[in-house]
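Hi there,

Here is the structure I promised to pass on. Have a look at it first, and then read on for my notes on chain B.

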Amino acid sequence: MIHFVLLFSRQGKVRLTKWYSPYSQKERTKAIRELSGGILPRGPKLCNFVDWRGLKVVYKRYASLYFCMCIDSEDNELECLEIIHHYVQILDRYFGNVCELDLIFNFHKAYFILDEVLIAGELQESSKKSVARVIAAQDSMVDAAKEQMASLSNIIAQATR
Amino acid sequence: MSDILAQVATNTESNKNAGNAILYECVLTIMAIEAIGGLRVLAINILGRFLGNRDNNIRYVALNTLIKVVAVDTQAVQRHRTTIVECVKDSDISIRRRALELVCALVNESNVKTLTKELLEYLKVSDPEFKPDLTTKICYLVQKFFPNKRWYIDQMIKVMVEAGRFVKDDISRALLLLISNAAELQGYTVRSLYNAFQKWDGQESLAQVTVWCIGEYGEMLVHHMNELDGEEPVTVTEADTVDVLELVLKDFRASSTTRAFALTALLKVSSRFPSCTERIKALVLQYKGSLVLELQQRSIEFTSILSKHENIKASLVEKMPVLDEATYIAKKVDAADVAFSTDSKSVPATVLPAVPVANGPTKSKSGTNALMDLLNLNVDEASTPSAPQTRKSAGDVLLDLLGGNSSFTSPLVASPVQGPSGGADALLDLLSIGNATSQTTSSPLSTLEPFPQRNPEAASQKPSNPVPDLLSQNTVSSQKDSYSSFTADFKKSSIPGAGFDLLGDLGIGSASSISTTGPVYPPIVAFQSSGLTVSFEFSKQSTNLPATVIHATYTNTSSNTYTDVIFQAAVPKFMQLQLEPASGNVLPANSSGTVTQVIRVNNSQHGQKSLVMRIRVSYKINGQEVLEQGQVNNFPPGL
């Protein structure tokens, strides 16, 4: 299973974390510090798998962001690389040429999409289309609700005039 | 299921990472179900293909899985050996590590030579953080699969030259073990080491091994003994060998252990090449004030041997007997038993002269016995006369002096004895050594007396000796009676060491309380003559029946005052005797005062034989010496 997902920039700033195993607050910060310290200095030609505390950490660098996933030692690392790529592709399709800024300003959407793809540390949805459809549906619901809120306030405003 | 697996494996295209991920998962599944035959071959082929992939990730994954496969099926993996060896030189460190592990798993007798050669080549260019692992692995391989000893020695020398810093101690010890076992290769070894040493760059293991071999086999180096075919002759003079040793000693990179090796080797060389003795003496003397205790001790001891004990030097530093591998391995596991384990490891029994199992008419020195006995406080054996004697020979006193670590060579039986003797030496050395050796004369077998008998008179005889000599290290007289010998005549012996005294005190002091909880025996008059009465009172602890404590009381029944009263006792071999200092050495006349002394006796055949004792009292009347002796036969039975 995937124990946690971690996204951090080249400067070491954390953009997204999702934990599927119980880690206390202290352990979390410690893990983040260790991993970013271990992965950032690695050169480009080195392989994408790191051993950490008996677990494997698979990472992939996309532009200025590092996507890391910590898996058990028996898991298939190549498969994990594929999962990372799958997630990035969905983000790309949703945001249209996603960049780090998109994730900074729309981090809630990034979390929604991640929750669609992974559940309890396992891959849940392998179809990009389904995820896109579902997220689109959620967005339209949000828009409709906003509209409703806007029209309600109009009525109240008129009524109290 | 195997059909599905085969189908998936063959139909998946592997140019995309997703395809590779699927293939990898197939391989994992095949391994997990432990398929045999075609399916497993298919899996291994997939892995082989992965190995050739340019993508680091894929190769890493393949190496990782192959390590697990090789445990199951070595043959199939052998085909990919060359690719794997290439991976050892990859730029990615995780791949290098995995490849190295895999290579080690693949080695067998047939391919060990080529593989080792490649690994050695790589060792020269590998980066420093990888070198320790690589060195350890190479040494392990060489040790496990060497086809012949000469090749082993060659490879080890190469490794030590390249990466001597990372060669661990136990590997170099194992090498020394092998060298000592390979008599025909010793000359070759020492010559190759000498040649290799020319390129010495501070590597500790190379220094240690070279220094030890030069010490042991120096004459083979100089005199070209045992040359093997194809060896280039190299001229080495005696001075050259000392040069090498001096170089090691003076180099600031050498650790104390290496310097200790070098000092010992210098001593050996001085015995093999007497011409260099002066120079060696000067070299050794420089360490007299060294801050490292071990070096200082050795320097002083060796200087003493070199200057005052030329006669025994040769027997001291004879060739070491062949180290027994099985004992060595057992000892390694059991390192705690040896009293001075770290030291003993670093001084591989430099001083043992003869083969330890010599059971002949060995000459035991009561002096050394006493020393050993001192430390028998810690060891429980003590009462077997046979054990120490099996290893005594001419140089024995000095053997003990120089902390002979005979743990390697002696049979395990004798090992507890050597522990204390090693300890004894250190103590000896601590408190001024050397003179013990010059007086001990040969004697027949004597019993182990746990504590040598004290002699209060000795103190008065030797006013210059600051510490009263309580443990007289005396020679035994050569009486060949069934009793053990008397303790010697004090006039003859110059008391060896203040050291013994302090410790004798310690030892006896600790056990000075007499308990009367045991059975009670009536006192006896042990000896009576016209001028002297000796009476004994007994007490015994119920917990320790063979041991008896005797309170001896001496009374002067004549009308003259006796001065310088010395009491000596001797017991048969099955008993042990300890005399504590007497309360005084002047007996006033007409029984107006007494002198008391505590004697401890241990009857190893308690219940079967009762105690007997011979006593001898010497004293002076107005400067005239008088000697009285007699036998005490009237001990109460059951003692």
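Of the 639 residues of chain B, 56% count as buried. Please keep in mind that this is a predicted model. Chain B has 27 helices and 8 strands. Taking the contacts in chain B between residues at least 6 apart in sequence, 70% link residues at least 24 apart.

I started with a pair of helices. Helix 3 (residues 38-52) and helix 4 (residues 56-72) of chain B have axes that come within 8 Å and cross at roughly 145°. The crossing of helix 3 of chain B past helix 4 of chain B is left-handed. On the helix 3 side, the contact is made by B:R40, B:I44, B:L47, B:F50 and B:L51, and these meet B:I58, B:R59, B:A62, B:L63, B:T65, B:L66, B:V69 and B:V72 in helix 4 of chain B. Sorted by class, that contact has 10 nonpolar, 1 polar and 2 charged residues.

Is B:R40 buried or exposed? Its relative accessibility is 18%, so B:R40 counts as buried, the cut-off being under 20%. Setting aside neighbours within four places in sequence, B:R40 is in contact with B:I30, B:M31, B:A35, B:V72 and B:D73.

Next, helix 9 (residues 131-145) of chain B. With 15 residues, helix 9 reaches 21 Å from its first C-alpha to its last, close to the 21 Å expected at 1.5 Å a residue. Its buried residues are B:K131, B:L134, B:T135, B:I138, B:C139, B:L141, B:V142 and B:F145. Why do they lie on the same side of helix 9 of chain B? Because they cover an arc of only 165° around the axis. As for their partners, the buried residues of helix 9 pack against helix 7 (93-106), helix 8 (112-125), helix 10 (149-163) and helix 11 (169-181) of chain B.

That leads on to helix 10 of chain B, which has 15 residues and spans 21 Å from first C-alpha to last, close to the expected 21 Å. Buried in helix 10 of chain B are B:W151, B:Y152, B:I153, B:Q155, B:M156, B:I157, B:V159, B:M160, B:V161 and B:A163. Their cover includes helix 8, helix 9, helix 11, helix 12 (186-197) and helix 13 (204-223) of chain B.

Happy to talk any of this through.

Best wishes

Notes. Residues numbered from 1 in each chain as written. Chains lettered and ligands numbered in written order. Predicted model: local features only at pLDDT ≥ 70, side-chain atom pairs only at ≥ 80, totals over all residues. Heavy atoms only, no water. Helix = DSSP H or I, 4+ residues; strand = E, 2+ residues; numbered from the N terminus. Expected span 1.5 Å × (residues − 1). Buried < 20%, exposed > 50% of the residue type's maximum accessible area, 1.4 Å probe, protein only. Arc of directions from axis to C-beta. Contact = heavy atoms within 4.5 Å. Axes fitted to C-alpha atoms, helices over the stretch in contact; angles between N-to-C directions. Left-handed = near helix turned anticlockwise from the far one by under 90°. Nonpolar A, V, L, I, M, F, W, Y, C, P; charged D, E, K, R; others polar.
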